[in-house]
Structures are given as structure tokens and as C-alpha cells.
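Please keep the sequence and the 3D view open while you read.

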Amino acid sequence: MTVELTTLDDTHRFGRRLAGVLRAGDLLLLSGPLGAGKTALTQGIGAGLGVRGDITSPTFVIARVHRPDPARGGRVTLVHADAYRLGESADPRAEIDDLDLDASVDEAVTVVEWGEGMVEQLVDAHLRVRIDRRDDDTRVITLEPVGGDWAARLATLD
């Protein structure tokens, strides 16, 4: 599934729509160049999930946990991680293990920026999300389901 989004607000709105098909135990792997809109999409997902706190890039803290806010209709925790700085080490998977993402993956929606090749083993099925940004700032988002019932859930987004 590929979606073209012309504004940053469109990216947020799409993230909110995507949140509607997410549930505890889901893993999303976001990839794309710097500034493509990975965090913007995650902000929309967080709004759709009704989590607490501002969602900002976790590049320097590596991971943030956003608990559901019942006043906003929150239903599941969002774990937002960024593996960008982890790829520099000799064993980035060991660094991922140190984050203990596996401890929360069953009860949260886990979104990992730059996580391809490092976190797929956490779950049996996941969603790959590729975001590219054109010169006119249009974002092209490609969703690739890997296993599970992702394809059926994504079909409900149309």
C-alpha cells in the first residue's frame, strides 16, 4: 500500500488513521531519510492512540514510553524508539536488547525508527513503513505487511 501526503498535517492525519488499526503487540519499523516525516507520522499515531505527552524524536534518548491518557480515549501504550545512533556500534542488536523492548512489546504499540535489521525478531509479524520526501515536500509512505493479519488490517484503511 502506498499513500501520497502533500502536507505535514496530512502525515499527522494518516498516522491517526493508522492508529485505528493498531493494537497491543504491534511493531512498526519506520525507515526513510532524515527529515522524511518518521516522527511526524508517529505523532499522528500517538494522537490516534490517545497517549500522554508530546511525541518528539527520541534520537538522543533512544526510546520514550507514552502511556495511554484515558481523558483522550487512550487505550494502549506507545513505545517510540530510534535506532539511528545504535547502528554505529559493533553489535547494534545488543544495544537493542539493552533497551528491553521485548519487555513491553506484547502490551504496547512499538514504533522503531531506523530499526530494520535490528528489531524484527521481537515479534512474529510487523509492519514496515518507508517514508520518502519529494522535493515539493510530498511524502510518499509505503506500508509493507510482514506476516500476521497486517494485510487485512491495512485493507480497512482504504
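The report below goes through a helix, its neighbours, a hairpin and the aromatic rings.

## About the model

This is a predicted model, in which local features need pLDDT of at least 70 and side-chain atom pairs count only at pLDDT 80 or more, while totals for chains, interfaces and linings use all residues. Residues are numbered from 1 along each chain as its sequence is written, and side-chain values use heavy atoms, with hydrogens and water left out.

## Helix H2

Let's begin with H2, which covers residues 38-49. Helices (H or I, at least four residues) and strands (E, at least two) are DSSP runs, numbered from the N terminus. The 12 residues of H2 reach 16 Å from the first C-alpha to the last, close to the 16 Å expected at 1.5 Å a residue; the expected span is 1.5 Å times one less than the number of residues. After H2 comes glycine 50, with a positive phi near 70°.

Nine of the 12 residues in H2 are buried, leaving the helix mostly covered. Here, buried means under 20% relative accessible area, exposed over 50%, and partly exposed in between (1.4 Å probe, protein chains only). Among the buried residues are Lys38, Ala40, Leu41 and Leu49. The buried residues of H2 pack against helix H1 (8-19), as well as strands E2 (27-31), E4 (77-82), E5 (108-113), E6 and E7.

Where does threonine 42 lie? Threonine 42 is in helix H2, and it counts as buried because its relative accessibility is 0%. A polar atom of its side chain lies 2.9 Å from the backbone oxygen of lysine 38. A polar contact is a pair of N or O atoms within 3.5 Å; within protein, one must be able to donate a hydrogen and the other to accept it, and residues adjacent in sequence count only if both atoms are side-chain atoms.

Leaving aside residues up to four places away in sequence, threonine 42 touches Leu30, Ile55, Leu78, His80, Val111 and Glu113, where contact means heavy atoms within 4.5 Å. Two of these partners also meet each other: a polar contact of 2.7 Å joins the side chains of histidine 80 and glutamate 113. Histidine 80 belongs to strand E4 and is buried, at 0% relative accessibility.

Strand E6 pairs with E2 in parallel through four bridges, and with E7 in the antiparallel sense over eight bridges. Two strands pair if DSSP finds at least two bridges between them. Leucine 28 stands opposite leucine 127 in E6, while histidine 126 faces valine 146 in E7.

The hairpin of E6 and E7 has five residues between the strands, and aspartate 137 there takes a positive phi near 75°. Threonine 138 sits in the loop between E6 (126-133) and E7 (139-146). Is threonine 138 buried or exposed? Threonine 138 is buried, as its relative accessible area is 6%. Its side chain makes a polar contact of 2.9 Å with the side chain of aspartate 136. Beyond residues up to four places away in sequence, threonine 138 touches Glu4, Leu5, Thr6, Asp132 and Arg133.

## Aromatic rings

A search of the whole structure finds zero aromatic pairs. Rings of Phe, Tyr and Trp (its six-membered ring) pair if their centres lie within 6.5 Å; planes under 30 degrees apart count as stacked, over 60 as edge-to-face and the rest as tilted.

Arginine 153 lies over the face of tryptophan 150, at 4.1 Å from the ring centre. A charge sits over a ring if NZ of Lys or CZ of Arg is within 6 Å of the ring centre and within 35 degrees of the ring normal.
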